[in-house]
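Please read the following report alongside the sequence and the coordinates of the protein. It moves from the overall fold to individual side chains.

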Amino acid sequence: MRTEVKVGLLAGLLGLATGIGLAQHSISRYRRALFSTRPLKRLSALGYLSAHPSVETVRLLRDYVDWERHPMLRRRAEAIARRMEAKLA
């Protein structure tokens, strides 16, 4: 195999690994923000999570709905969870 091809493959794999690591970091940061004391951060986290449907996200949103006291944020989370459940079913 030529050196250029090997370097290209290595760079591609390194880029993929970096991308996966950054995505996991971003997801965990938004999950922490979901239970923030600041409502705007919670709203932002709901917006982010709504674009990433998964069974784990639905479970997280159910926990959040039980925890949330603000009616508007609770309704938003319930609607997102229902939409995800319908999409995943």
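## Basis of the model

This is a predicted model, in which local features need pLDDT of at least 70 and side-chain atom pairs count only at pLDDT 80 or more, while totals for chains, interfaces and linings use all residues. Residues are numbered from 1 along each chain as its sequence is written, and side-chain values use heavy atoms, with hydrogens and water left out.

## Overall fold

The secondary structure of the protein comes to 4 helices and 0 strands, and from the N terminus on the elements run α-α-α-α. Helices (H or I, at least four residues) and strands (E, at least two) are taken as DSSP runs and numbered from the N terminus.

Of the 89 residues in the protein, 24% are buried, where buried means under 20% relative accessible area, exposed means over 50%, and partly exposed lies in between (1.4 Å probe, protein chains only). Among the contacts with a separation of 6 or more, 51% come from residues 24 or more positions apart, a contact being heavy atoms within 4.5 Å.

## The pairing of α2 and α4

Helix α2 (residues 39-50) packs with helix α4 (residues 71-88) at an angle of about 10°, and their axes are 10 Å apart. That makes α2 roughly parallel to α4, a description used for angles under 35 degrees, whereas those over 145 count as roughly antiparallel, 65 to 115 as roughly perpendicular and the rest as oblique. The axes are lines fitted to C-alpha atoms, for helices over the stretch in contact, and the angles run from 0 to 180 degrees between N-to-C directions.

From α2, the residues Pro39, Arg42, Leu43, Leu46, Gly47, Leu49 and Ser50 take part, and they meet Leu73, Arg76, Ala77, Ile80 and Met84 in α4. The residues of this contact divide into 8 nonpolar, 2 polar and 2 charged, with Ala, Val, Leu, Ile, Met, Phe, Trp, Tyr, Cys and Pro counted as nonpolar, Asp, Glu, Lys and Arg as charged, and the others, Gly among them, as polar.

## The nonpolar core

In soluble globular proteins, nonpolar side chains tend to be buried together. The largest nonpolar core here has 16 residues, of which Leu34, Leu46, Leu61, Tyr64 and Ala77 touch the most other members. Such a core is a set of buried Ala, Val, Leu, Ile, Met, Phe, Trp, Tyr and Cys residues joined through side-chain atoms within 4.5 Å. The elements that give two or more residues to this core are α1 (3-34), α2, α3 (55-67) and α4.

Leu61 lies in helix α3 and is buried, with a relative accessible area of 0%. Not counting residues up to four places away in sequence, Leu61 touches Leu46, Ala77, Ile80, Ala81 and Met84. Leu49, placed in helix α2, also counts as buried, at 1% relative accessibility, and beyond its neighbours within four places in sequence Leu49 is in contact with Leu34, Thr57, Leu60 and Met84. The C-alpha atoms of Leu49 and Leu61 are 8.8 Å apart in space, with the two residues 12 apart in sequence.

## Glu68 and Tyr64

Glu68 lies in the loop between α3 and α4 and is buried, with a relative accessible area of 4%. Its side chain is joined to that of Tyr64 by a polar contact of 2.4 Å, and the side chain of Glu68 also reaches the backbone nitrogen of His70 at 2.8 Å. A polar contact is a pair of N or O atoms within 3.5 Å; within protein, one must be able to donate a hydrogen and the other to accept it, and residues adjacent in sequence count only if both atoms are side-chain atoms.

Leaving aside residues up to four places away in sequence, Glu68 touches Arg42, Leu73 and Arg74. With neighbours within four places likewise set aside, Tyr64 is in contact with Leu34, Phe35, Arg42, Leu46, Leu73 and Ala77.

Glu85 is found in helix α4 and is partly exposed, with a relative accessible area of 35%. Not counting residues up to four places away in sequence, Glu85 touches Val58 and Arg62, and a polar contact of 3.2 Å joins the side chains of Glu85 and Arg62.

Ala51 lies in the loop between α2 and α3 and is exposed, with a relative accessible area of 55%.
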